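Reader: I'd like to go through this model with you and ask what stands behind the words used for it. Shall we start with a look?

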Amino acid sequence: MNVRNCWYLVAPRNWGARNVQTKSRGPDGQGVWVDDNIGLAHARLAVIDLSDAAAQPMADFQNELHIVYNGEIYNYRELREELIGLGHRFKSQSDTEVLLE
C-alpha cells in the first residue's frame, strides 16, 4: 500500500502506529489530533514555514476546524493579506493556515 496517497480507516487505538508508517514523508515532525472517533495524522516536511506554529494537524483560532494538508498554494501570500483585511488572524506564515481560514 502507498500510505502517501491513500485515506485509511484506522481503529483509534492504532492512530499513532499508522502515523509512524508515513514517517518517510518528512523528517521535520509528526502530529496526531484525535476527537472521539475521528483522528488526523501528519508527517511533516517543512518547506514554507519552518516554525512549530505551522505543525499539523492544524486547528483554527476557535479550535473548531482541523486540517492536514499536503500541497502548496502558490498565491497564499496574497490570499493571506486579503483575509487579514477581512479580520482573520494567523498564528503562522504557512499556506495550510490560509486554506484553513
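Author: Gladly. Let's start at Ser92, which sits in the loop between helix H2 (76-85) and helix H3 (95-100). Helices (H or I, at least four residues) and strands (E, at least two) are DSSP runs numbered from the N terminus. This is a predicted model, where local features need pLDDT of at least 70 and side-chain atom pairs count only at pLDDT 80 or more, while totals for chains, interfaces and linings use all residues. Residues are numbered from 1 along each chain as its sequence is written, and side-chain values use heavy atoms, with hydrogens and water left out.

Reader: Why is Ser92 called buried?

Author: Buried means under 20% relative accessible area, exposed over 50%, and partly exposed in between (1.4 Å probe, protein chains only). Ser92 has 2% relative accessibility, so Ser92 counts as buried.

Reader: What joins the side chains of Ser92 and Ser94?

Author: A polar contact of 3.1 Å joins them. The term asks for a pair of N or O atoms within 3.5 Å; within protein, one must be able to donate a hydrogen and the other to accept it, and residues adjacent in sequence count only if both atoms are side-chain atoms.

Reader: Which residues is Ser92 in contact with, leaving aside its neighbours within four places in sequence?

Author: They are Asp49, Ala53, Ala54, Met58, Arg80 and Glu97. Contact here means heavy atoms within 4.5 Å.

Reader: And Ser94: buried or exposed?

Author: Ser94 is in the loop between H2 and H3 too. Its relative accessible area is 4%, so Ser94 is buried. The Ser94 side chain also reaches the backbone nitrogen of Glu97 at 3.1 Å. Not counting residues up to four places away in sequence, Ser94 touches Asp49, Ala54, Met58 and Tyr76.

Reader: How do you know that Ile73 counts as buried?

Author: Ile73 has 15% relative accessibility, so this residue is buried as well. Ile73 is in the loop between strand E4 (66-67) and H2. Beyond its neighbours within four places in sequence, Ile73 is in contact with Leu79, Asp95 and Leu99.

Reader: What puts the buried residues of H2 on the same side?

Author: The buried ones are Tyr76, Arg80 and Leu83. They cover an arc of only 65° around the axis, so they lie on the same side of H2. That arc is taken from the directions from the helix axis to the C-beta atoms. An α-helix has 3.6 residues a turn, so residues three or four places apart point the same way. The face turned away from the buried side of H2 carries the exposed residues Arg77, Glu78, Glu81, Glu82 and Gly85. H3 is included in what covers the buried residues of H2.

Reader: Which residue just after H2 takes a positive phi?

Author: That is Gly87, with a phi of about 100°.

Reader: How much of the whole chain counts as buried?

Author: Of its 101 residues, 31% count as buried. The chain has 3 helices and 4 strands, in the pattern α-β-β-β-β-α-α along the sequence. Among contacts between residues at least 6 apart in sequence, 38% join residues at least 24 apart.
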